[in-house]
Amino acid sequence: MGTVVDATNKEGNGAVLGDKNVTVVFVLGGPGSGKGTQCANIVKHFGYTHLSAGDLLRAEQKSGSENGTMIQNMIKEGKIVPSEVTVKLLQRAMAESGNDKFLIDGFPRNEENRAAFELVTGIQPAFILFFDCPEEEMERRLLGRNQGREDDNIETIRKRFKVFLESSLPVIEYYNSKGKVRKIDAAKPVEEVFEAVKAVFTTPDDKVTV
Ligand SMILES: Nc1ncnc2c1ncn2[C@@H]1O[C@H](COP(=O)(O)OP(=O)(O)O)[C@@H](O)[C@H]1O
Ligand SMILES: Nc1ccn([C@@H]2O[C@H](COP(=O)(O)OP(=O)(O)O)[C@@H](O)[C@H]2O)c(=O)n1
């Protein structure tokens, strides 16, 4: 059975997905594991809409929203922004996209994210794509990313790794216990990682909408 999403926001200016059946894949992995890079490939091949929680938060911060300063401070410290803010941004982006297949990248990052999304949207992910990568490799990639991000400095990177281990891995373990995690060795070159990703998306069992 598909899930019905009504993403109308309180101000009444949100688009509505109506009674569409939506498929959601959560894309998780440590900072720099290659989530964004692989999501771009998945979009091209499989017609999903890519929603990066981090990108949505950075856009919200730059838009001059009342939460802007709070978001900026949290990102600089590698802390997880309250779910209320992030879930609202995701919900709005889903409703406005016009699509019914979403890659939600960098979310849920803790138990609070997971529970809030489920409560507010009623959506269960079809599966979780987990990019597994050693810290030394992630650190090297982040320090070479060159996107001018305020959190890609060694001090914040270490904090993000700690938050990943303490708060995000337990969410992956939760989904693993439900048989929903598709683990990918992300330490290989981009093309090889994508071969493994493709195999996940072309396995019939994984296409089931919950
Ligand atoms: N498989 C890979 N091998 C080497 N570098 C990679 C690989 N995947 C991504 N990168 C690079 O590593 C950096 C982090 O990748 P990104 O996709 O932004 O990670 P994430 O979204 O998980 O933080 C980027 O500069 C990207 O070009
Ligand atoms: N669900 C999320 C996702 C990101 N974020 C914030 O955004 C930062 C960057 O996340 P990101 O997903 O863009 O980047 P990576 O850390 O994966 O490289 C995180 O360190 C958090 O501060 C959050 O608070 N909640």
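Reply: Happy to; here are a few labels with the values behind them. This is a predicted model, in which local features need pLDDT of at least 70, side-chain atom pairs count only at pLDDT 80 or more, and totals for chains, interfaces and linings use all residues. Residues are numbered from 1 along each chain as its sequence is written, ligands are numbered from 1 in the order in which they are written, and side-chain values use heavy atoms, without hydrogens and water.

Me: Why is Asp151 called buried?

Reply: Buried means under 20% relative accessible area (1.4 Å probe, protein chains only). Asp151 has 5%, so the label buried applies.

Me: What makes the pairing of the Asp151 and Arg149 side chains a polar contact?

Reply: The term asks for a pair of N or O atoms within 3.5 Å, and within protein one must be able to donate a hydrogen and the other to accept it. The side chains of Asp151 and Arg149 are joined at 3.0 Å, and the pair is a polar contact.

Me: Which atoms of the protein lie 2.7 Å or 2.9 Å from an oxygen atom of ligand 2?

Reply: At 2.7 Å there is a polar backbone atom of Lys79, and a backbone N or O atom of Val81. An N or O atom in the side chain of Arg160 lies at 2.9 Å. Taken alone, ligand 2 exposes 520 Å², and the protein buries 97% of that (Shrake-Rupley method, 1.4 Å probe).

Conventions
Buried means under 20% relative accessible area, exposed over 50%, partly exposed in between (1.4 Å probe, protein chains only).
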